[in-house]
Amino acid sequence: MARLVAGVDSSTQSCKVVIRDAETGALVRSGSAKHPDGTSVHPRFWWQAYQEAVAAAGGLDGVEAIAVGGQQHGLVALDENGEVIRDALLWNDTRSAGAALDLIADLGDARDGDGAQAYASEIGVVPVASFTASKVRWLRDNEPENMARVAAIALPHDWLMWQIIGAGGEPGAARDLSALATDRSDASGTAYFNSVTGFYERELFELAAGPGTFERIVLPRILGPRESAGTTPDGIVVGPGAGDNAAAAFGLGAAAGDIVLSVGTSGVVSAVSARQVCDVTGNVAGFAAATGDFLPLVCTINASRILDVARRILGVSYDELAQLALSAQPGAGGLVLIPYFEGERTPNRPDATGALHGMRLENTTPANIARAAVEALLCSLADGIDALRELGVEVKRLLLIGGGAQSPATRALAPAVFGLPVTVPAAGEYVADGAARQAAWTLLGGSEPPAWPLAGAQVFEAEPTPVVREQYAAARDKL
Ligand SMILES: Nc1ncnc2c1ncn2[C@@H]1O[C@H](COP(=O)(O)OP(=O)(O)O)[C@@H](O)[C@H]1O
Ligand SMILES: O=C(CO)[C@@H](O)[C@H](O)COP(=O)(O)O
């Protein structure tokens, strides 16, 4: 009989659960449930959605191991009883932009030099609003009464995994802060963890949380790539889990030369690399992968929701939006959408808003608006590919995944905008798959993870359309 494992993707918009055969990777069953909207969310909604998604997947009967991939960076602040102190501040909440600048300035003062340079060379990331350190600093500066109560800080995947092993407990039950655990990939998104040494950095943590807090505040212990966090109350082995982008790379079996482009709430361009990259501009974050490798990554705040906004403006379905976009010419007759609807992280413009440029009587049509939306999404990813290339990251194969990759327009126009063929794996939940593969590794052991085949990939090719990126860059730089 097949041995089953489960993988969870607790992402920005929803929770997805896949149940797969541990040895072959074959999909057995799956389910999902929505998260609430908003950039600050109470973690209990993740737990509720997880339970609904598990039920939608037919339950965990027969499952021997489980692991969680989660949206990165979110700040879950817990008091000494393990109660959540306030709604978690998510990665796309930009109120901490000023706090990120304060961290950089303070490290600069401490080093008597350039703070961004110091962050980049010491831990491979330069704080932006998204990172946990910036959110901790925001909490300390804006809600000191909440900060004073903080006894532990967890990331979304850490907190959900803690609930799953039963240590987080139902309300009223005992909560064991020392059972909190994370992995190197997710910890690397805090901006107070060193993914080369594998340790938290006291000084960087205290720049965020305040003097003397490193001893007082529990940070989740760092698990190895196939180390178990414990078991569920029903005895299911719990793998270490990972940040969602690291889990996706692991689920795809991405290797050196592969660039993973994920079109979810965030637009992510990432690569598996044997070395940590250090980008003083902060555009590329030197995160860690779910294995012992690194995961240089560029992330935008605006991605699949650009398509959602275009649908709303035009009052059309996803399919109609794609057909409209495909019916227009490259460059949308000169119409350029700058999609900073929620501010932006890359480029770092937390207070920016979106804009539609080049509107004339003859070009302002539904087809061109749809086209401009898809082109905006792809141009911001193309900028990310360039940023990785400039740091010497090898670009051999582009893999396009995430909810927005379901759009035929995204798939068809991507190779034209990127000027390279684009591989689109079969529609699936690659973060949850990566977590499931990790659970299988924890269950089966061995020095290498089980080799699960990547089935059903399609390669898209198209003539390059450089005008699209040229006009996008010109409009972006006008802002
Ligand atoms: N058929 C489709 N065409 C275009 N976009 C789609 C389609 N189906 C879903 N999406 C997009 O997928 C997004 C959710 O993707 P997902 O990767 O699950 O996001 P997240 O990981 O951030 O929760 C939605 O915002 C929606 O825009
Ligand atoms: O902040 C980042 C990566 O640095 C985001 O990728 C989040 O991890 C959220 O991912 P999605 O839910 O949008 O897939």
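Ala 288 has Phe 294 in β19 as its bridge partner. This is a predicted model, and the pairing belongs to strand β18 (residues 285-288), which runs antiparallel to β19 with four bridges between them. Five residues separate β18 from β19, and the two strands form a hairpin.

β19 has another partner in β17 (residues 267-271), also antiparallel and joined to it by four bridges. Here Val 268 stands opposite Cys 299 of β19.

How many residues of strand β19 are buried? The strand covers residues 294-300, and seven of its seven residues are buried. Phe 294, Pro 296, Val 298 and Thr 300 point one way, while Leu 295, Leu 297 and Cys 299 point the other way. Buried here means under 20% relative accessible area.

The ligand site comes next. Around ligand 2 there are 15 residues, of which Thr 12, His 73, Asp 244, Ser 266 and Arg 345 come nearest. By class, this shell has five nonpolar, eight polar and two charged residues.

Several contacts involve oxygen atoms of ligand 2. An N or O atom in the side chain of Thr 12 is 2.5 Å from one such oxygen. For Asn 245, a side-chain N or O atom is 2.9 Å from an oxygen atom of the ligand. Gln 72 instead uses a backbone N or O atom, 2.9 Å from a ligand oxygen. On its own, ligand 2 has 370 Å² of accessible area, and the protein covers 95% of that. The elements giving two or more residues to the shell are α10 (244-252) and β19, the strand whose seven residues are buried.

Methods. Residues numbered from 1 in each chain as written. Chains lettered and ligands numbered in written order. Predicted model: local features only at pLDDT ≥ 70, side-chain atom pairs only at ≥ 80, totals over all residues. Heavy atoms only, no water. Buried < 20%, exposed > 50% of the residue type's maximum accessible area, 1.4 Å probe, protein only. Pairing = 2+ DSSP bridges. Near = heavy atom within 4 Å. Polar contact = N/O pair within 3.5 Å; in protein donor to acceptor, adjacent residues only side chain to side chain. Areas by Shrake-Rupley, 256 points an atom, 1.4 Å probe, with all protein chains shown as cover. Nonpolar A, V, L, I, M, F, W, Y, C, P; charged D, E, K, R; others polar.
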